[in-house]
Amino acid sequence: MDAPYHFDAEGDKADAVPLAKLIAPAIVIDVSQKAAVDPLYRLAPEDILAFEEQHGTIPPGAIVLLRTDWSTRWPNAESYLGGTDPAALAFPSFGDDAASLLIRERGAAALGVDTASTDYGPSADFPVHRMMGEANAPGFENLANLDQLPATGAYLVALPMKIKGGSGGPLRAVALVPKK
Ligand SMILES: [Zn+2]
């Protein structure tokens, strides 16, 4: 988990993130097919609108998870991060317009992704991290098994280690999925 404080001095620190932003209904947007052909794919506002056409408007307070299936590349770090050069990373994630739509317009409580960062690999200025810091929203990175979640209807429990004053911390995230 990145606490909002990670990118904003006024943001909540790891031990102060409210439970409502860590335990909430989960929305899963699947861009795995697009990411498979474009490893630098960034979630676009059109993807969110297409999702909502199918599943309804994303409700306020939801935790929105982005599925790219990058977690299947783990533990091959080179494949997961897009190379061995830390200055030339390549993996998909949220685009800043889409992240802003989710947080500022839909009122999402938090964003999560199954890649190493809520900003895509080549990002140098981390607009998604900065926007989330300003909006006081936590981010969850390096998630796994998002393919096992329905688009809507799951409940996420994402409780981080409660590190006093921390900018983030290890997180064990689990989802409760309704039985079919
Ligand atoms: Zn981060």
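This is a predicted model: local features need pLDDT of at least 70, side-chain atom pairs count only at pLDDT 80 or more; totals for chains, interfaces and linings use all residues.

Which residue stands opposite A26 in β3?

Guide: The residue opposite A26 is I63 in β3.

Strand β3 covers residues 63–67. Five of its five residues are buried, so β3 is largely enclosed by the rest of the structure. A residue counts as buried here if 20 or more other C-beta atoms lie within 10 Å of its own. The cover is on both faces of the strand: I63, L65 and R67 are buried on one side, and V64 and L66 are buried on the other.

Next come the strands that pair with β3. Strand β1, residues 23–30, runs parallel to β3, and five bridges join the two. Strand β5, residues 110–113, is also parallel to β3 and is joined to it by four bridges. I63 takes part in both pairings: A26 stands opposite I63, and in β5 the bridge partner of I63 is A110.

Strand β1 pairs with β7, residues 154–160, over four bridges, and here the sense is antiparallel. In that pairing, A24 has L156 of β7 as its bridge partner. Strand β7 in turn is joined by six bridges to β8, residues 171–176, again running antiparallel. Within β8, A173 is the residue opposite A158.

The loop between β3 and α3 (77–81) contains P75, and the peptide bond from W74 to P75 is cis, with omega near 10 degrees. The loop also holds D69. Phi of D69 is near 70 degrees, a positive value in a residue that is not glycine. Most residues other than glycine have a negative phi, and most peptide bonds are trans. D69 has 17 C-beta neighbours inside 10 Å, so it counts as partly exposed.

A positive phi also occurs at N142, where the value is about 60 degrees, and this residue is not a glycine either. N142 lies in the loop between β6 (139–140) and β7. With 18 other C-beta atoms within 10 Å, N142 is partly exposed.

On the α2 side the contact involves P45, D47 and I48; on the α4 side it involves D97, A98, L101 and L102. Five of these contact residues are nonpolar, none is polar and two are charged.

Last, the whole chain. It has five helices and eight strands, in the order β-α-β-α-β-α-β-α-β-α-β-β-β from the N terminus. The radius of gyration is 15 Å, close to the 16 Å that the globule rule gives for 180 residues, so the chain is as compact as a globular protein of that length. Buried residues make up 41% of the 180 residues, and the five residues of β3 are among them. Of the contacts with a separation of 6 or more, 74% are between residues 24 or more positions apart.

Note on methods: Residues are numbered from 1 along each chain as its sequence is written. Two strands pair if DSSP finds at least two bridges between them. Two residues are in contact if their C-beta atoms, placed from the backbone, lie within 7 Å. Ala, Val, Leu, Ile, Met, Phe, Trp, Tyr, Cys and Pro count as nonpolar, Asp, Glu, Lys and Arg as charged, and the others, Gly among them, as polar. The radius of gyration is taken over C-alpha atoms; the globule rule is 2.2 Å times the number of residues to the power 0.38. A residue is buried if 20 or more other C-beta atoms lie within 10 Å of its own, exposed if 12 or fewer, and partly exposed in between; C-beta atoms are placed from the backbone.
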